[in-house]
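Hi,

Here is the structure I said I would pass on. Have a look at it first, and my notes on what turned up follow below.

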Amino acid sequence: MTYLSSSADNIRYNGTGRCYAGALAGSSFDELGDLENLTFSMSVSTDKVKTNRTASRATILEVETDREATLSFGLREMTNENLKMALLSDTINTLNQSASYTYQAVPSWADDLYVDLGHLNVFSTKLTGTITGSLSVGDTVTGATSGATGKIAFVGSGYIELVNVSGTFQAGEQVYETQDTNYITPSGMETLEDAVVTDSTGATRRLNGTDYSIDPDSGYIRKLSSGSMVDTDVVSYDYEAVNKQYLWSMSAGSVQKKMIFVSDKGDQGPRHRWTFHKVQLNLNGDFPLIGIGAAILNVTGSVLADTSQPSGQEYFKTEIIG
């Protein structure tokens, strides 16, 4: 017996490629980026009619009742459009944080509970050196050489802490409130991931780790009941510019997309392009917010009939590219 020869070129192995998603009947698409996987599944359901004439109960008729096709994929890339699609959101909103400062604000302190400062990436500036004359909380100081400026939030023994800092102070320069009269000559400058927490007059400095704790990146601060803080204590800090966007997730109805998969030209096996005219997408499964390894958004899509397509072409098209 003679058999047809096999060809390894017909075998897809370790498949790679790209996936695009766009508006139904659209001609422009977002690329979903690097995917953890992309799986196509198709099932056909039937009813079987069995004979009642004999004990064999043999099937005498099988009738197709249902066809279903689904796409499942894992989104590795947390782009705004991917999140908007997977988390069922209508819009991407922008609420950027401009660089600025807060001076002697009074948070709604609660013993041993974090409160939100309302800003991200908070910090303060400390100048250490010799103080000549007198410097006071609330004074604005200027670097005689650098031209940098800042507002004093606390005056300590041999140092001052500043907010609303503009520019970069230099070691050895006179940083003055009144030149040649009231100034500090800094030998060191530090940018601290901290806020300046004092009593309401600014005279008494509260200590990080003893009186309060702070998460400067996220902008949360906690008054420690074991410390010396009171509810009238104030907080001062600078904060960086941060680009910030947000989604109201699960606020949209069903998300339907036209989706296209193209296999990579250099992949092992035949080149394919699959065009799904109408796919209803749903987040399906866990999305690890804390854990080891890449966070993957697992999405499942039901392939629906697109009645705008010609009869017999409503679902999807598979192209084999030679």
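The classes are: nonpolar for Ala, Val, Leu, Ile, Met, Phe, Trp, Tyr, Cys and Pro, charged for Asp, Glu, Lys and Arg, and polar for the others, Gly among them. Before I go on: this is a predicted model, where local features need pLDDT of at least 70 and side-chain atom pairs count only at pLDDT 80 or more, while totals for chains, interfaces and linings use all residues. Residues are numbered from 1 along each chain as its sequence is written, and side-chain values use heavy atoms, with hydrogens and water left out.

The largest pocket has a volume of about 430 Å³. Of its 19 lining residues, Arg12, Gly15, Thr16, Leu38 and Phe261 are the closest to the centre. Strand E3 (35-50) gives the largest share of that lining, five residues, and E1, E3 and E20 each supply at least two. (Strands, E, of at least two residues and helices, H or I, of at least four are DSSP runs, numbered from the N terminus.)

The second largest pocket comes in at about 200 Å³. Lining it are Met42, Arg67, Glu68, Ala69, Val303, Gly312, Gln313, Glu314, Tyr315 and Phe316. Five of these are nonpolar, two polar and three charged, and the largest share, three residues, comes from E4.

On terms: a pocket is an open set of points on a 1 Å grid over the protein atoms alone, where a 1.4 Å probe fits, with protein on both sides within 12 Å along at least five of seven lines; lining residues have an atom within 4 Å of a point. Points are joined across faces, edges and corners, and the volume is the space filled by probe spheres set on them.

**Cores**

The largest nonpolar core has 22 residues, and Leu32, Phe73, Leu75, Met85, Met259 and Leu281 have the most contacts inside it. Two or more residues each come from strands E1 (17-22), E4 (59-75), E19 (255-263), E20 (271-283) and E21 (297-303), and from helix H1 (80-86). A second, separate core has 13 residues, including Trp109, Val197, Val235 and Tyr239. A core here is a set of buried Ala, Val, Leu, Ile, Met, Phe, Trp, Tyr and Cys residues joined through side-chain atoms within 4.5 Å; buried means under 20% relative accessible area, exposed over 50% and partly exposed in between (1.4 Å probe, protein chains only).

What does Met85 touch, leaving aside neighbours within four places in sequence? Met85 is in contact (heavy atoms within 4.5 Å) with Ala21, Leu32, Phe73, Leu75, Val255, Lys257 and Leu281.

Leu83 also lies in helix H1. Leu83 counts as buried because its relative accessible area is 19%. Beyond residues up to four places away, Leu83 touches Met78, Leu88, Leu247 and Leu297.

**Strand E17**

E17 (residues 234-239) is mostly covered, with six of its six residues buried. Val234, Ser236 and Asp238 point one way, and Val235, Tyr237 and Tyr239 the other. Which strands pair with E17 in the antiparallel sense (pairing needs at least two DSSP bridges)?

- Strand E6 (residues 100-105) pairs with E17 over four bridges; Thr102 has Tyr237 as its bridge partner.
- Strand E8 (residues 122-132) is joined to E17 by two bridges, with Phe123 opposite Asp238.
- Strand E14 (residues 196-198) is joined to E17 by three bridges, and Thr198 partners Val234.

**Loops**

Lys244 sits in the loop between E17 and strand E18 (245-246). Lys244 is partly exposed, because its relative accessibility is 29%. Setting aside residues up to four places away in sequence, Lys244 touches Asn93, Thr94, Leu95, Asn96 and Leu120.

Ala25, in the loop between E1 and strand E2 (29-31), has phi near 60°, a positive value in a residue other than glycine. Ala25 is exposed, at 63% relative accessible area. Asp112, in the loop between E6 and strand E7 (114-116), also has a positive phi near 60°, and is partly exposed at 36%. Most residues other than glycine have a negative phi.

Cheers

Technical notes:
Pairing = 2+ DSSP bridges.
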